[in-house]
2 protein chains.
Amino acid sequence: MSEITITNANSTHKTLGSTCHLCSLSNLCLPIAVNNTEIERLEDVIKQGKVLDRGDHIFQEHSPFRSCFAVRSGSFKTYIVTEDGEEQVTGFYLPGEIIGMDSTNTEAYSCSAKALEKSSVCEIPFEQFEDLATKIPTLQHHFFQLMSREIRDSRQLSMLLSKNTAEERIASLLLSLSERFKRRKLSPTHFRLPMPRNDIGNYLGLAVETVSRVFTRFQKTGIISVQGREVTLNDIEILKDMIKRSSSGCQSKEAKAN
Amino acid sequence: MSEITITNANSTHKTLGSTCHLCSLSNLCLPIAVNNTEIERLEDVIKQGKVLDRGDHIFQEHSPFRSCFAVRSGSFKTYIVTEDGEEQVTGFYLPGEIIGMDSTNTEAYSCSAKALEKSSVCEIPFEQFEDLATKIPTLQHHFFQLMSREIRDSRQLSMLLSKNTAEERIASLLLSLSERFKRRKLSPTHFRLPMPRNDIGNYLGLAVETVSRVFTRFQKTGIISVQGREVTLNDIEILKDMIKRSSSGCQSKEAKAN
DNA sequence: CGCGCAGTTGAAAGTTTTCAAATGCAGTGG
DNA sequence: CCACTGCATTTGAAAACTTTCAACTGCGCG
């Protein structure tokens with residue numbers, strides 16, 4: 001099955017036949033079977049290479065929805081501001097993952113998306129993309145797939161929040177990150193947390209202090225090593241055992257290869 | 001804008017022009033703009049009138065995914081069984097709502113769906129439906145819409161679970177049910193809970209005892225009246241104020257009229 | 001009429017939060 | 001290059017909320 005991936009604007013290059021690597025994030029973003037004509041259409045639709053600094057927004061809650069965004073580098077958090085002005089983190093997004101699917105076909109974005117560091121994204125203007133999807137069944141299929149995965153991931157998070165202890169939630173997040181790094185061919189056992197403790201706590205429904213204490217506890221028992229945002233998972237099995245009780249891990253938003 | 005709705009097998013009738021009421025649940029289920037030819041195609045695809053008793057499953061987790069289901073009467077819960085054998089309720093579904101969208105485009109159902117009482121559903125075989133969607137842009141659009149709503153609803157639940165107290169969670173569920181009854185032209189202030197306390201607690205991440213205590217507390221302060229599963233909301237405003245702190249209420253899975 | 005499940009209630013135990021305060025780290029300006 | 005300021009992280013102790021355990025009540029169904 002051939003694949004297409006969104007690309008770096010500077011390094012676009014096509015190969016003959018049906019395979020075409022447009023981006024360094026092959027397999028992660030929009031891995032779908034299309035022919036060359038369709039690839040060209042996709043290229044027309046997707047705008048590449050928007051760069052953002054730490055703290056910049058890709059889009060703000062309530063602003064008119066136009067596009068989804070594929071993370072190319074860096075990392076993002078999505079969040080909602082509640083009526084009393086509190087921020088609620090709804091997700092973290094790493095390279096190869098797609099932001100904004102919860103706003104698909106709505107007037108406005110249902111959350112804000114902010115860069116956690118210097119990052120870049122590809123823009124997927126949704127209306128055009130949708131048109132294209134009616135013409136390319138595999139594209140439609142793939143997008144249904146991404147969305148249903150997003151639903152399942154979110155369910156997963158709900159379960160985590162409703163039934164699991166602080167330790168289990170953190171173990172779950174660590175494992176989720178681990179898998180997502182692994183998928184990008186990076187070390188699954190040693191990585192840098194893109195987000196502050198603050199956001200972790202917010203996302204997992206825990207006080208910052210609790211997050212900190214759990215990290216400390218994990219460190220003391222030797223399961224992980226932490227220094228600031230650098231984390232080493234010393235015993236993934238133990239972490240996995242911790243969350244066995246619940247059906248599975250934290251959400252992992254990647255576009256899983258078809 | 002014309003509408004189509006899935007129907008009772010016995011009372012199928014078409015009206016001329018572009019409006020066609022196939023089911024008593026008009027506006028709730030699949031309200032979309034289509035022409036008559038398209039309506040006929042939809043009718044071919046959707047199987048109507050499957051009846052289930054209390055405790056019956058529409059589908060089981062891990063069984064091969066074929067169809068989504070629109071609730072026609074009664075009510076359902078969806079749930080997952082965790083590795084340690086615990087049940088985790090992931091949602092409640094009332095007439096006009098669609099079950100199974102989280103399994104769209106997957107091999108197997110990602111949860112089980114069980115009738116909470118004598119109920120009936122319409123079956124939407126997904127593969128055929130998907131084909132149809134590529135031919136009817138509004139249908140594709142509508143389904144994207146339903147799915148993105150499902151994502152948002154699930155996010156909402158996560159927020160509820162991560163940041164809200166027991167009282168707020170229950171208030172939120174009550175208001176969600178209230179709105180969903182209202183949408184069906186039923187009383188938004190007096191209704192029968194389709195599910196046992198058990199499932200409420202499970203869904204909201206609370207012990208049954210806590211659910212019971214909160215109901216009692218609400219009753220004592222006069223906000224609601226409860227006798228078993230019969231509930232009367234005496235002061236919706238107070239309930240709304242309770243959950244104001246969080247951005248919004250509980251999930252409401254209805255297909256909102258386009 | 002009685003069994004069994006659903007719901008309620010009380011008291012103790014556990015987790016997590018909150019409040020307060022100290023320490024570390026990083027970018028800024030002198 | 002260093003001190004300074006502000007934010008991030010850590011830690012301790014008390015307070016708050018929810019769960020757990022146990023027991024009791026109520027209701028529906030055979």
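Predicted model: local features only at pLDDT ≥ 70, side-chain atom pairs only at ≥ 80, totals over all residues.

Reader: Let's start with the two protein chains. How many residues of chain A are in contact with chain B?

Author: Contact here means that the C-beta atoms, placed from the backbone, lie within 7 Å. By that cut-off chain B brings 40 residues to the contact. The number for chain A is 40.

Reader: And which element gives the most to the side of chain A that touches chain B?

Author: Three elements of chain A give two or more residues to that side: β5 (87-93), α2 (126-135) and α3 (137-163). One of them contributes 18 residues, the most on that side, and that's α3(A).

Reader: By class, what is that side of chain A made of?

Author: Charged residues number 10 and nonpolar ones 11. The remaining class is polar, with 19 residues.

Reader: On to the DNA. Which element gives the most to the surface near DNA strand D?

Author: Altogether 18 residues surround DNA strand D, and the closest are P196(A), R197(A), S212(A), T165(B) and T210(B). At least two residues each come from α5 (197-204) and α6 (208-220) of chain A and from α6 (208-220) of chain B. The top contributor, with six residues, is α6(A).

Reader: How many residues of that surface near DNA strand D are charged?

Author: Sorted by class, the surface near DNA strand D has seven nonpolar and six polar residues. The charged ones come to five.

Reader: Last topic, the sheet in chain B with the order β11-β13-β12. Which strands stand at its edges?

Author: This is an open sheet of three strands with antiparallel pairing. Two of them have a single partner strand each, so one side of each is left without a neighbour in the sheet. Those edge strands are β11 (190-192) and β12 (224-227) of chain B.

Reader: Which residue in β13(B) is the bridge partner of S225(B)?

Author: β12(B) and β13 (residues 230-233) of chain B run antiparallel and are joined by four bridges. The partner of S225(B) in β13(B) is T232(B).

How values were computed
Residues numbered from 1 in each chain as written. Chains lettered and ligands numbered in written order. Contact = placed C-beta atoms within 7 Å. Nonpolar A, V, L, I, M, F, W, Y, C, P; charged D, E, K, R; others polar. Near = placed C-beta within 6 Å. Pairing = 2+ DSSP bridges.
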